[in-house]
Amino acid sequence: MVPELSVVIPMYNEEEVLPLLVERLRPLLDGLDAGYEVVAVDDGSTDLTAALLQRYHREWPSLRVVRLRANAGHQAAISAGLVSARGDYVVTLDADLQDPPEVIPQMLELAKRDGVDVVYGVRNDRSTDTRFKRMSARAFYALIGAISKTSAHADAGDFRLMSRATIDAINGLPDHNRVLRFIVPALGFPSDTVEYKREERAAGTSKYPLLKMVRLSLDSLTGFSAAPLRVATFAGIGGAVIAALFVLYTLVVRAQGHTVPGWTSTVAIVAGFSAIQLLCVGILGEYIGRMYAHMQGRPTYFIAYDSLAAIGHATGPTDRALPAAPSVRVPAQPRG
C-alpha cells in the first residue's frame, strides 16, 4: 500500500544521534492518522550507522533503509531519497535533530488544509548558530536572490514538506549537483511556511565543514544564474578600459617628458590585471565543468541496497544487507 507520508533522512556517520532520532521520530509518526514510511539514506557511512539501521529496520517495519554504494554528498543523498520515496507527501529531514521532527504534523496539516505543494520549515530563532554563520547565510541568500530572481528564504534549509507533484517535477529535472533549497522555490509551486526554533545538534559532529559550504555555494551560484558569466564579461571590459586609459596616460606623460620608470606601478598593474584574468577564467571553468559533467551523464549516486526490494529475500538487488552489530549498545534514555 502506498503511504501517505514519506520522511527522507540522509545520513552519514550518524551512529551517535541515530538512537535519539528513532526515539523521537517513531512515536510521533505512529501517532499520525496516516500511513507513513521513513526512508533512511545511508550515504556511504564508515561507522556503525548501516548496522544500526538494519537493526532498527527489523524492529520498525515502517523504516526503509536505502544504502548508497559510496559517499555522494548531502544533496545527492536527499535526491536518492526523493527518487525512492512513495508517499503522497514527502518530508526531508536531517538526522542531527536541529530541525525538530515534532513540526512534521503541523506541516502535513497545513498542506492538506490550504492545498499547497510545499511547506518550508523556517527558523525563527537561530541563536545556536554563530553570528558569522547567520550573517554569511543572509548575505549569500540575498546574493542568490538578486542574480537569479529565486525567492529562497534565508532561514529555510532542507527541512520541508513537498507534494507528490513537486517530487515528480524535481525527479524529472536533468540537473547534476542540484541544490534543492534553491530548486524547490524556483519551481514556483504554491507554498507556505511553518516557523520553529533551531536547536543544537543532538549528538555527533557537523557534516558540513567550511570547504563543503563553499562547494555548495559555488554549485548554487553557477546552477541558477548566468550572472557570474556577465561579471567576468564586465570585469574584462572594465580591465580593457582601464588599460586603454593607462596607455593614454603614459603617452601624454611621455610627450611632456616626465616619464620615470616605476617598478611599483608596473607590478601593481600586472598583478591587478592578472587577478582579473584568473577570476574570469575561474568563473568560466565552473560553468564548463558543469557542462562537462552534464555531457558525461554520470549519476551523482548509486543505490546499493533498498530494504523494500529485499523484503522476502535474503539479499538486496545489488548488495547484501548488513547484519545488526551485536556490540552496539543503545544507551537508555531517561523518561520524563
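**Figure 1. Packing of the buried residues of helix H2.** The buried residues of H2 pack against S1, H1, S2, strand S3 (63-68) and strand S8 (303-306). Within helix H2 (residues 49-59), these buried residues are Thr49, Ala50, Ala51, Leu52, Leu53, Gln54 and Tyr56. The model is predicted: local features need pLDDT of at least 70, side-chain atom pairs count only at pLDDT 80 or more, and totals for chains, interfaces and linings use all residues. Residues are numbered from 1 along each chain as its sequence is written, and side-chain values use heavy atoms, with hydrogens and water left out. Helices (H or I, at least four residues) and strands (E, at least two) are DSSP runs numbered from the N terminus. Buried denotes under 20% relative accessible area, exposed over 50%, and partly exposed the range in between (1.4 Å probe, protein chains only).

Figure 2. Asp42 is buried yet has no salt bridge; a salt bridge requires a side-chain nitrogen of Lys or Arg within 4 Å of a carboxyl oxygen of Asp or Glu. The nearest side chain of opposite charge, Arg67, is 4.7 Å away, where Lys and Arg count as positive and Asp and Glu as negative, His and the chain ends not being counted. Apart from neighbours within four places in sequence, Asp42 is in contact (heavy atoms within 4.5 Å) with Met11, Thr49, Ala50, Leu53, Val66, Arg67 and Leu68.

**Figure 3. Salt bridge between Arg64 and Asp306.** The side chains of Arg64 and Asp306 meet at 2.7 Å, N to O. This pair links distant parts of the chain, with Arg64 in strand S3 and Asp306 in strand S8, 242 residues apart. Arg64 counts as buried at 7% relative accessibility, and Asp306 is buried with a relative accessible area of 12%.

**Figure 4. Salt bridge between Asp99 and Arg198.** The closest N and O atoms of Asp99 and Arg198 are 3.2 Å apart. Asp99 belongs to the loop between S4 and H4, and Arg198 to the loop between strand S7 (191-197) and helix H8 (210-224), 99 residues apart. Asp99 is buried, with a relative accessible area of 3%, as is Arg198, at 7%. The loop between strand S4 (89-92) and helix H4 (104-114) also holds Leu97, whose phi is near 65°, a positive value in a residue other than glycine. Leu97 is buried, with a relative accessible area of 4%.

**Figure 5. Salt bridge between Lys112 and Glu4.** The closest N and O atoms of Lys112 and Glu4 are 2.5 Å apart. Lys112 lies in helix H4 and Glu4 in the segment before S1, so the pair ties together parts that are 108 residues apart in sequence. Lys112 is partly exposed, with a relative accessible area of 42%.

Figure 6. Among the buried residues are His74, Gln75, Ile78, Leu82 and Ser84.
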